[in-house]
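Student: I would like to learn how to read a few features from a model. Please take them one by one.

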Amino acid sequence: MSMSARASARADTHASARADSHESARADELTYRPVRPTEIEACAGIWRTAINDYIARLGQDEIPPEMNPIVRLFTHLQATDPGRFVVATEPAGNTDGGERVVAFALAIRRERIWYLSMLFVLPELQGAGVGRQLLAHVLPDDDGVARATATDSAQPISNALYATYGIVPRMPLLNLSGLPQRPEAFGALPSGVVPVAFDTIAAGPPDGPGHRRLTAAVDALDRELLGAAHPMDHRFLRMESRHGWLYHGPDGAPLGYGYAGEAGRLGPVAVRDESLLAPVLGHLTSVVVPRGAFATWIGGAADRAVVALLGAGFRLDQFPILLCWDRPFADFSRYLPISPGLI
């Protein structure tokens with residue numbers, strides 16, 4: 001099982017009976033505070049432990065111990081949203097600082113969107129209300145924001161917790177992976193639609209006119225299709241070696257953008273016309289050669305693109321993720337997210 005296929009799983013599930021020192025721990029006995037940079041690796045360990053605890057019971061392969069990608073993601077989100085990355089700790093005299101991180105929640109704010117990226121609790125503390133306490137620490141206190149998250153469809157208790165706040169499952173988020181064995185299934189880009197690499201547009205100094213034009217075009221597409229601009233996440237994607245293209249129409253106007261990388265990650269993708277989604281995916285999979293297979297996250301609303309991916313030879317992996325929100329904020333028939341952990 002790939003790391004990203006479970007990156008949005010929520011681990012405040014029912015607790016198995018455990019005869020250990022944490023069995024009687026209660027949520028109000030823990031300390032809740034913003035994460036410290038030195039604790040990010042501990043949070044990554046909780047992420048892996050909590051997911052492996054329940055997927056093993058489902059007969060799924062464990063997440064391997066390679067943690068660098070998730071640590072880089074956590075580091076990025078701690079830098080952009082330090083007050084929304086909260087840990088729960090308990091006293092531990094044999095550790096540095098005298099405390100041990102046992103759970104964490106990580107949310108981000110992108111203009112009018114609040115998004116719960118992660119919430120994980122060590123298995124021995126699940127069922128004690130720790131997840132609810134963490135959620136209370138990161139929820140927004142204003143009504144002018146859409147609240148959203150992505151949860152694992154195999155986690156009914158987590159789904160119910162978020163639904164009590166109105167963040168209700170609305171749409172499946174599918175993970176498809178593979179190689180374009182039948183690329184004709186995507187269809188060709190329409191005549192006059194021209195892809196231009198981000199690197200070509202933004203050639204020159206970081207504060208130069210090319211960078212400004214690219215940022216303005218991508219921000220406008222994101223506000224229209226996702227509901228918020230998030231240039232800090234686009235910078236992170238480029239640091240992660242995802243290559244971007246801007247798609248221009250016959251009149252030169254931007255019609256969409258898309259990313260792909262040699263690590264196999266495909267997306268995000270945003271297009272003004274949903275009929276462009278499959279051809280853009282076809283272009284991206286033709287210009288980047290992955291080290292293994294491609295993998296992408298796609299909402300159920302993008303049905304034509306799902307059909308094209310399956311027709312091209314991709315397969316549907318794992319259980320679906322559930323996209324949840326309390327009010328509509330994005331058009332997922334025209335937008336493919338970065339991942340369940342970073343919309």
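Predicted model: local features only at pLDDT ≥ 70, side-chain atom pairs only at ≥ 80, totals over all residues.

Student: In what order do the eight strands of the open sheet lie?

Tutor: Strands of a sheet pair through backbone hydrogen bonds, either parallel or antiparallel. Helices (H or I, at least four residues) and strands (E, at least two) are DSSP runs, numbered from the N terminus, and two strands pair if DSSP finds at least two bridges between them. Here the order is E1-E2-E3-E4-E5-E12-E6-E11, with mixed pairing. Strand E1 (31-34) and strand E11 (294-299) stand at the edges with a single partner strand each, so one side of each has no neighbour in the sheet. On average, neighbouring strands of this sheet are turned by 25 degrees against each other, direction ignored. Within the sheet, strand E5 (residues 146-152) pairs with E12 in the antiparallel sense over five bridges; threonine 149 has cysteine 324 in E12 as its bridge partner.

Student: Which strands does H2 touch?

Tutor: Contact means heavy atoms within 4.5 Å. Axes are lines fitted to C-alpha atoms, for helices over the stretch in contact, and angles run from 0 to 180 degrees between N-to-C directions. H2 packs on the sheet against E2, strand E3 (99-110) and strand E4 (113-121), and its direction makes about 65 degrees with that of E3. Helix H4 (residues 156-163) lies across E4, E5, strand E6 (168-178) and E12, running at about 175 degrees to E5.

Student: How many aromatic pairs does a search of the whole structure find?

Tutor: Rings of Phe, Tyr and Trp (its six-membered ring) pair if their centres lie within 6.5 Å; planes under 30 degrees apart count as stacked, over 60 as edge-to-face and the rest as tilted. The search finds ten pairs. One of them joins phenylalanine 74 and phenylalanine 85 edge-to-face, at 5.8 Å centre to centre and 80 degrees between the planes. Phenylalanine 74 belongs to helix H2 (residues 68-80) and phenylalanine 85 to strand E2 (residues 85-91), eleven residues apart. Ring pairs link Phe74, Phe85, Phe104 and Phe120 into a cluster.

Student: Is phenylalanine 74 buried or exposed?

Tutor: Buried means under 20% relative accessible area, exposed over 50%, partly exposed in between (1.4 Å probe, protein chains only). Phenylalanine 74 has 0% and therefore counts as buried. Phenylalanine 85 is likewise buried, at 0%.

Student: What joins strand E9 to E8 and E10?

Tutor: Seven bridges join strand E8 (residues 242-248) to E9, running antiparallel, and four join E9 to strand E10 (residues 266-271), also antiparallel. The E8 and E9 hairpin has five residues between its strands, with glycine 252 in the turn at a positive phi of about 90 degrees. The E9 and E10 hairpin has four, with glycine 264 at a positive phi of about 100 degrees. Of the eight residues in strand E9 (residues 254-261), six are buried.

Student: Where is serine 333 found?

Tutor: Serine 333 is in the loop between strand E12 (315-325) and strand E13 (335-336). With 13% relative accessibility, serine 333 counts as buried. Leaving aside neighbours within four places in sequence, serine 333 is in contact with Glu274, Leu277, Ala301 and Ala302.

Note on methods
Residues numbered from 1 in each chain as written. Heavy atoms only, no water.
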